[in-house]
Amino acid sequence: MTLPLDQLFVLTKQHLLAHIPTPAQPIASAILSVTPILIAFPLLFAITTLLERKGLGRIQNRYGPNRTGPLGLWQPIADGIKSLTKEDIVPHTADHAVHLLAPILIAAASFLGYAVLPIGRNMTLLNLNAGVLYFFAVGSLVELAVFMAGWSSRSKYSLLGAMRAIAQMISYEVPLVLASVSVIMQSGSLSTVSIVEQQATYTGIFPHWNIFTPWGILGFALFMVAACAESNRSPFDLPEGESEIIAGYYIEYSGFKFALFFLGEYLGMFATSGMAITLFLGGWSAPLSFLTFIPSYLWFFLKLLVLIAGFIWVRGTLPRLRMDQLMSLAWQFILPLAILNIFVVGVWRFLPSGILRWLICTILIIIPFTFLSRTLKKIKKFQTRTYAFVEYPITSTASPLCNTVLTAPIANSPEPQQP
Amino acid sequence: MIGNGILRGLTETARNFFGSYTKKERLTTIQYPEERLPQIEATRDFPFLVYDGPDWHEGMRCVACQICEKECPPKCIVIEKSKDKKPDAVGKPQFYPAIFNIDISVCMSCQICVEVCPFDAIKMDVEYDLPTDDRFTGLLFDKQRLSKSNTYYNQIHPTEAAAVDTALAEERAKAEAKAKAAAEAAAAKSAAPPQAAAQPAPQPISGETK
């Protein structure tokens, strides 16, 4: 099981640590563990920006960037140089200190979550007892950074974007955590390392991933929808909707601060995707038992890339939601299902394993799901949109009044010109 | 069921994604420097000067009448008339432009210069590949740069150029016939001054330009 290639980075680190004097070893160990994460994930960010633009292009029957270097591969480098050399503009009336701190905080907060992600076998930075709890606690720091950015810019658009972001992130934090509670209940541990190790066992050739259970499928789906909203990705990109509030909370940022926001957003997406992999997709474990010869970290990054591809695919497909649709989706649909999922996990845990358990749990999910979606569809009604400052009501019942107000000036329009 | 529309949308985008790799006709983008769209005959962007024959200066149709200079709305044409004369497209001795400059960074491609030209000397070009490092002199075209042959004009706007060519040929024939008739008349009248008859012909045109 302990192939040298699989433990390459662990062994290298141990080898390097042996050369360092004992008192300096803890700090050296920390630096040696943190540095690869600080290199690997921003690198992944750079690759993802290119892949996303290419993928979105192909989805829209375009080529995507293909001018910078072979196949446009140097595009991220060009983008980086460009954002580094651009002028850093701070609005005159902005709160300068907070305006500066917001992008730093968002990037830092996004990095903190990686401390508990098991990237490979024995490759977790911190094996915390409350790893999952820590992850979500740190993840909510991003909300603070977003609001700092929106508030300090002193722009209406950024404040609107920040308010939307706060409302959305808090709403979706609830189903995100509740969906992961189901896994915590099943594994009986908050430690990410033990959650993965429980899933990395096999019956025959098939692993015990949480997604291969009825509640796992539902939990994963809910988790991914909530993760999409948490990382402000389309179709939940209201806080930065380009067509409505231009760029939302980071509209007043330029140059490298803007790039930091971008980085923070993508790192947040990778972190939540990594957590989804940890909780539902068996972390670093191979999908089939005879594939374990492939190093564990490669499996993790492969799964991460698949999830990122899914994010890009969804982004290229779905239009942006409206704010009320977003909220009703979170509170009326996803939240009840997440609570139901917790109940189903309880049932699953106390039933003897077998086909009966599968059947009962599937029914327990399908029936409420259908019922809920049908009911929500039925009670959804298109309300008459009225503008708050218009004095006459634009409804079919009030058409006589409406006609007098609306048509009178049009009918009499030549008259005012005569005197 | 909830999510049906989402699934349909996802299949559509997936079909686009994979289809764009297999079917070339899905990708409608023209990769500009390597690929170009076929030229449309009605295309026009900036004016150029037409010349007949092999030499651009000898065959230049422009007679420096300066109508286009006066009519140009953004005033991007600068013409300076020559002191001496040379034969024009029809064969009459005419002035020619000593300086003919067009600042194409000012030109708005309105084609008014082409419409007012009585000599079919200025026409619209189709060349759009005009980037330059030097925005001051690189975009100020002098008469040598502006001069392009009639064969080139026939290539880019065949229908229009054919009409111009027939009109010019008719005019040339008329002028020749007139000259010949005048010469014959002069010869028949008396064998003494044979060259005098050809001289007064260009004067009405040069008077018109003033």
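**Briefing: a predicted two-chain model**

In chain B, strand β1 (residues 47–51) is joined to β6(B) by 3 bridges, and the two strands run parallel; strands here are DSSP runs of E with at least two residues, helices are runs of H or I with at least four residues, and both are numbered from the N terminus. The model is predicted, so to speak of local features a pLDDT of at least 70 is needed, side-chain atom pairs count only at pLDDT 80 or more, and totals for chains, interfaces and linings use all residues. Residues are numbered from 1 along each chain as its sequence is written, while chains are lettered from A and ligands numbered from 1 in the order in which they are written.

**The mixed sheet of chain B**

- The strands β4, β1 and β6 of chain B form an open sheet of 3 strands in the order β4-β1-β6, and the pairing is mixed; two strands count as paired if DSSP finds at least two bridges between them.
- At the edges of this sheet are β4 (122–124) and β6 (147–149) of chain B, each of which pairs on one side only.
- From one strand to the next, the twist averages 50°, where axes are lines fitted to C-alpha atoms (for helices over the stretch in contact) and angles run from 0 to 180 degrees between N-to-C directions.
- Within the pairing of β1(B) with β6(B), B:Tyr51 has B:Ser149 in β6(B) as its bridge partner.

**The antiparallel sheet of chain B**

- A further open sheet of 3 strands has the order β2-β3-β5 (chain B), and its pairing is antiparallel.
- Because β2 (77–87) and β5 (140–141) of chain B stand at the edges with a single partner strand each, one side of each is left without a neighbour in the sheet.
- The antiparallel pairing of β2(B) with β3(B) extends over 8 bridges, and in it B:Lys85 has B:Phe95 in β3(B) as its bridge partner.
- These strands, β2(B) and β3(B), form a hairpin with 5 residues between them, and in the turn B:Gly91 has a positive phi of about 115°.
- Strand β3 (residues 93–103) of chain B is also joined to β5(B) by 2 bridges, again running antiparallel, and B:Asp103 stands opposite B:Leu140 in β5(B).

**Chain B as a whole**

- Chain B has 7 helices and 6 strands, and from the N terminus on its elements follow the order α-β-α-β-β-α-β-β-α-β-α-α-α.
- The radius of gyration of chain B is 26 Å, whereas a compact globule of 210 residues would have one near 17 Å; this radius is taken over C-alpha atoms, and the globule rule is 2.2 Å times the number of residues to the power 0.38.
- Along the principal axes, the C-alpha atoms of chain B fill a box of roughly 105 × 35 × 30 Å.

- Chain A has 15 helices and 2 strands, and 39% of its 419 residues count as buried.
- The C-alpha atoms of chain A fill a box of roughly 100 × 60 × 40 Å, taken along the principal axes.
- The largest nonpolar core has 91 residues, of which A:Ile106, A:Phe223, A:Ala226 and A:Ala276 touch the most other members; such a core is a set of buried Ala, Val, Leu, Ile, Met, Phe, Trp, Tyr and Cys residues joined through C-beta atoms within 7 Å.
- Helix α11 (residues 255–279) of chain A gives this core its largest share, 13 residues.
- Apart from that core lies another, of 25 residues, including B:Ala64, B:Cys68, B:Ile102 and B:Ile122.

**Where the chains meet**

- In chain A, 11 residues are in contact with 13 residues of chain B, contact meaning that the C-beta atoms of two residues, placed from the backbone, lie within 7 Å.
- On the side of chain A that touches chain B, the elements giving two or more residues are α2 (25–59) and α12 (296–317) of chain A, and the largest share, 3 residues, comes from α12(A).

Note on methods: A residue is buried if 20 or more other C-beta atoms lie within 10 Å of its own, exposed if 12 or fewer, and partly exposed in between; C-beta atoms are placed from the backbone.
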